[in-house]
Amino acid sequence: LGGHSGLSSSVLCPLQTFNTSNVTKLCPDAQCLFAFYGGETAYHKYLIVLQFFNVFMFFWLANFVIALGQVTLAGAFASYYWAFKKPDDMPAFPLFSAFGRALRYHTGSLAFGSLVLAIVQVIRVTLEYLDHRLKAAENKFAKFLLSCLKCCFWCLEKFIKFLNRNAYIMIAIYGTNFCTSARNAFFLLMRNIIRVAVLDKVTDFLFFLGKLLIVGSVG
C-alpha cells in the first residue's frame, strides 16, 4: 500500500511490477513495503511454547477456582455437622469463615491438587491434537495406540477429579495437607466402597429428580 500527495490514500502496489509502474514517476518518494507475518524476536520464536503455557495456566487456574469452591462448601458443611450445640457453636457466617480458612491455610494444597489435574488435562488436550493431525494418516497401529492413551488418560482424569474432591473434604475437616488428605480419603473410600457406590447412585438419582422438578416448575 502506498500513500502520498497526488495519490489516493491506499494504492495497491505489487512488488513484482512496482518498479516498472508509473507510480514512481507520479510520486518519486513512494515506496512499496512488504508487511510480513512472524519475525525473529523471542516472542515469535517461542510462540507455540507461550500458547501451550497459556492453555496450561488456564486449566490450572480453572481447577484452582473449582477446588476453592469445593473446600469452602465442605468447610461450611463441616462447621454445621461438627457443632455440638446448634446454632451456638456455629460461626455467624459459615461460608465466609470457610472461605477465609481455605485462603489462609489451604492455598498451597489447593494449588498442588489443581496442578496434578491440570497436567493430566494438558496431556489429554495434546493427545486430542495429535489425533486430529493423524486423522488423514493410514497407520492403524498409531491410531489404536492413540485411542488407548486417550481412554487411559480420560479414566485417570475422572479418578483424579473424584479423589481430589474427597481430599478437599478431608482438608476442610482436618486441616491436613493435600497428600495426607488424599491418602486418607483413598483408604476411607476403599474401606467403604459399597457404601460409596450406593450413595453415589442415590445422590445422582436425587439430583436427577431435582433437575426434573426445576425444569417442570419453570416450564
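Reply: Fine. Ser 181 is buried, with a relative accessibility of 0%. Keep in mind that this is a predicted model.

Me: Which helix is Ser 181 in?
Reply: Ser 181 belongs to helix α7.

Me: And what is Ser 181 in contact with, leaving aside neighbours within four places in sequence?
Reply: Ala 167, Met 170, Ile 171 and Thr 176.

Me: Ile 171 might come up again. What does His 106 touch, with the same exclusion of neighbours within four places?
Reply: His 106 is in contact with Arg 101, Ile 171 and Gly 175. His 106 sits in the loop between α4 and α5, the latter being residues 107–133.

Me: Is His 106 buried or exposed?
Reply: Buried, because its relative accessible area is 9% and the cut-off for buried is under 20%.

Me: Let's zoom out. How many helices and strands does the protein chain have?
Reply: Eight helices and zero strands. Along the sequence the pattern reads α-α-α-α-α-α-α-α.

Me: What share of the residues counts as buried?
Reply: 23% of the 219 residues in the protein chain. The chain exposes about 16,200 Å², and carbon and sulfur atoms supply 70% of that.

Me: Which residues have the most contacts inside the largest nonpolar core?
Reply: Val 71, Leu 110, Tyr 168 and Phe 178, in a core of 13 residues. Helices α3 (47–81), α6 (140–174) and α7 (178–191) each supply at least two of the core residues. The largest share, five residues, is from α3.

Me: Take Phe 178. What is it in contact with, beyond neighbours within four places in sequence?
Reply: Phe 178 is in contact with Ser 109, Phe 112, Gly 113, Asn 164, Ala 167, Tyr 168 and Ile 171. Tyr 168 is also among the core residues with the most contacts.

Me: What does UniProt annotate as "transmembrane region"?
Reply: The unreviewed UniProt entry gives residues 55–83, 103–123 and 169–190. In the model, residues 55–83 are 93% helix and 0% strand, with end C-alpha atoms 42 Å apart. For residues 169–190 the values are 86% helix and 0% strand, with the end C-alpha atoms 16 Å apart.

Me: What about Val 55, where is it found?
Reply: Val 55 is in helix α3 and is partly exposed, with a relative accessible area of 35%. The C-alpha atoms of Val 55 and Val 125 are separated by 9.2 Å, although the two are 70 residues apart along the chain.

Me: Where is the cis peptide bond?
Reply: Between Lys 86 and Pro 87, with omega about 5 degrees. Pro 87 lies in the loop between α3 and α4, the latter being 94–105.

Me: Charges next. How many salt bridges are found in the whole structure?
Reply: Four. One of them pairs Glu 128 with Lys 150, the closest N and O atoms being 3.6 Å apart. Glu 128 is in helix α5 and Lys 150 in helix α6, so the pair ties together parts 22 residues apart in sequence.

Me: What is the closest N and O distance for Asp 131 and Lys 150?
Reply: 3.0 Å, and that pair is a salt bridge too. Asp 131 is in α5, so its pairing with Lys 150 in α6 ties together parts 19 residues apart.

Me: And which residues are linked in a network of salt bridges?
Reply: Arg 124, Glu 157 and Lys 161. Glu 157 and Lys 161 have their closest N and O atoms 3.4 Å apart. Both are in helix α6, four residues apart, about one turn of the helix. Glu 157 is buried at 6% relative accessible area, whereas Lys 161 is partly exposed at 34%.

Methods:
Residues numbered from 1 in each chain as written. Predicted model: local features only at pLDDT ≥ 70, side-chain atom pairs only at ≥ 80, totals over all residues. Heavy atoms only, no water. Core = buried A, V, L, I, M, F, W, Y, C linked by side-chain atoms within 4.5 Å. Buried < 20%, exposed > 50% of the residue type's maximum accessible area, 1.4 Å probe, protein only. Contact = heavy atoms within 4.5 Å. UniProt positions renumbered as here; feature names shortened; annotations may be inferred. Areas by Shrake-Rupley, 256 points an atom, 1.4 Å probe, with all protein chains shown as cover. Salt bridge = Lys/Arg side-chain N within 4 Å of Asp/Glu carboxyl O.
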